[in-house]
Amino acid sequence: MCGIVAYVGERTAYPILIKGLQRLEYRGYDSAGIALLNKGIHVYKCQGKVKDLEKHTNGNAISGTIGMGHTRWATHGEPSDNNAHPHESENGKFIVVHNGIIENYAHLKKELINRGYNFKSETDTEVLANLIENIYLEKKVDAELAVRLALTKVVGAYGLVISCTDEKDQLIAARKGSPLVIGVGDKEYFLASDATPIVEYTDQVIYMNDEEVAIISREKLDMKSIQNDAKVPKIQKVDLSIEEIDKGDYEHFMLKEIYEQPSSIADTYRGRISLDKSKIFLGGITEALPAIAKANRIIIVACGTSWHAGLVGEYLFEEYARIPVEVEYASEFRYRNPVVSADDVVIAISQSGETADTLAAIKMAKEAGATIIGICNVAGSSIPRETHAGVYTHAGPEIGVASTKAFTSQVTVLTMMALLIGKKRLALDEITYSHMVDELTQIPEKIKEILKSEKHIKEIAETYQKASNVLYLGRGCLFPVALEGALKLKEISYIHAEGYPAAEMKHGPIALIDENMPVFVIATKDKSYEKIVSNIQEVKARNGKVIAIVTKGDTVITNMADHVIEVPDCHEALAPLLTVIPLQIISYHIAVLRGCNVDQPRNLAKSVTVE
Ligand code: G6P
């Protein structure tokens, strides 16, 4: 949700900012802008993507060794040139880029209007720029103090980079709620919403904490709290390589990430499964294991695809660890008055580790005394810092807005957790446990086999590319896969799609079925196989088109369905990891065939740091 990048040093800032914004574009792509500061002040911004910004700056002055940039996901005010960041204060003293939401902006704006301020945009960020300037001019303080005083009046979330045109050799950064990383080089500093724009130049980073302010010039970095307490910055080595954030030979990040799943899943369990494949070690939750094992219940909170992984987790925990589980949309959980106690374990699942609702939900559960466990992909992000314990998914950076490899890595972690806890609670016998661990390690090879059928899946995509509605059906732990399949399709191809528990079809969706309705049925061999065969017959009886995901060698469904996609046989609890792959591939190809922007679908952003 909005990406920020900034640079102060001896290099020309422009290419660093542009490249950085391209890396952060997954966070929003409604408009983009930069400000180049020390050699005169040049602000360029426009609606559209970073490539539009490049066209816009073409032929203009782009020198300067200090600058900031922003790529926007619109919250306050439509995507437009005016609403694009950076925002300048009315008298041109301050320039600001912002990620987050200033909740009390309307009240602050009214006060500033009363003091004679005019506004050029509809954004909350311009309010902040003017608030800082107003304090700076009225109180006659330096820029840093003006920023800190302004922030004491602000309610909301922010990652900010600010420049004062009277103090052009320094940048001021501040964070509350929205992420900010500082890259530390030799007489140079980088700032960004995540480490991806920075790793090309330095592997030394500082993850800013909430309510911290950094005052950064070429020569030095000062960190303090908003209240002026000195802070010692903790420099860490970032574990991210430039190849990981490159598309390589793939046309889209999404396709690259789909193909990475054999290795990303192996990376998730690497070092966590004993060599004889009979044991699981999850170092990050070792200390919390007794609390989890004796939990009254587990509450899983998440959003989007991570919520779907949570639903698979519910099935696994209940089946193998025999602990009752509730899976909650973080946004619903936090605004209800949920009954949470110290005997509950709350598991937050988040790829980015920054999703505002998930973060708020765990803060609330923490206050109620629950043990909080995180399952996140991005190291150093906010959610892992708020949890008592957790497990990183180690899927590597996921850039495509539609989540693929993060989902399968989350499900892998949840599978390992369920087995480990099941064993600890004696709910799972040794033989089943070892057998399932061994089966889990076979998943990467089985995914490689599925990936070989991409051509066949693409042909099916060609047949259904013009569909207006699509239904996805599954049962048990394959119901969340149906939801995920439908989400993938609607996110990137803009086709209306719905996932349903297969048996629920007769309570409504069946009314929609006719010869124009493609129905994806996830029907691998498991205990509800016979039931799902009946569901397929019900669809066929109404002339629906059935595309079935089946276990290799299935002849029964093959004779009924219009198309089948085979996946290798596996333990039924692991079937989500295999069956989701063809659904990802089909959504990808349908979106490409429809000419959609697969990696940056309209209106979406990968990291949702607004509530
Ligand atoms: C956005 C993304 C989804 C993601 C969801 C939750 O909607 O587009 O792909 O599943 O946020 O994000 P998280 O980072 O918490 O998993």
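Of the 13 residues around the ligand, those that come nearest are Ser306, Ser350, Gln351, Ser352 and Thr355. A residue counts as near if one of its heavy atoms lies within 4 Å of the molecule. This is a predicted model, in which local features need pLDDT of at least 70, side-chain atom pairs count only at pLDDT 80 or more, and totals for chains, interfaces and linings use all residues. Residues are numbered from 1 along each chain as its sequence is written, and side-chain values use heavy atoms, with hydrogens and water left out.

By class, the shell around the ligand has eight polar, four nonpolar and one charged residues. Here Ala, Val, Leu, Ile, Met, Phe, Trp, Tyr, Cys and Pro are nonpolar, Asp, Glu, Lys and Arg are charged, and the others, Gly among them, are polar. Helix α9 (residues 304-321) gives the most to this shell, with three residues. Helices are DSSP runs of H or I with at least four residues, strands are runs of E with at least two, and both are numbered from the N terminus.

Now look at the ligand's oxygen atoms. One is 2.5 Å from a side-chain N or O atom of Ser306. A backbone N or O atom of Thr305 lies 2.9 Å from a ligand oxygen. A polar backbone atom of Val401 is 3.3 Å from an oxygen atom of the ligand. The protein covers 90% of the 390 Å² of accessible area that the ligand has on its own, by the Shrake-Rupley method with a 1.4 Å probe.

Next, charge pairs. The structure holds 28 salt bridges, each a side-chain nitrogen of Lys or Arg within 4 Å of a carboxyl oxygen of Asp or Glu. In one of them, the side chains of Glu260 and Lys405 meet at 2.7 Å, N to O. Glu260 lies in the loop between α6 (253-259) and α7 (261-269) and Lys405 in helix α13 (residues 405-424), so the pair ties together parts 145 residues apart in sequence.

Finally, the backbone. Most residues other than glycine have a negative phi, and most peptide bonds are trans. A cis peptide bond joins His85 and Pro86, with omega about 0°. Arg322 has a positive phi, near 55°.

How values were computed
Polar contact = N/O pair within 3.5 Å; in protein donor to acceptor, adjacent residues only side chain to side chain.
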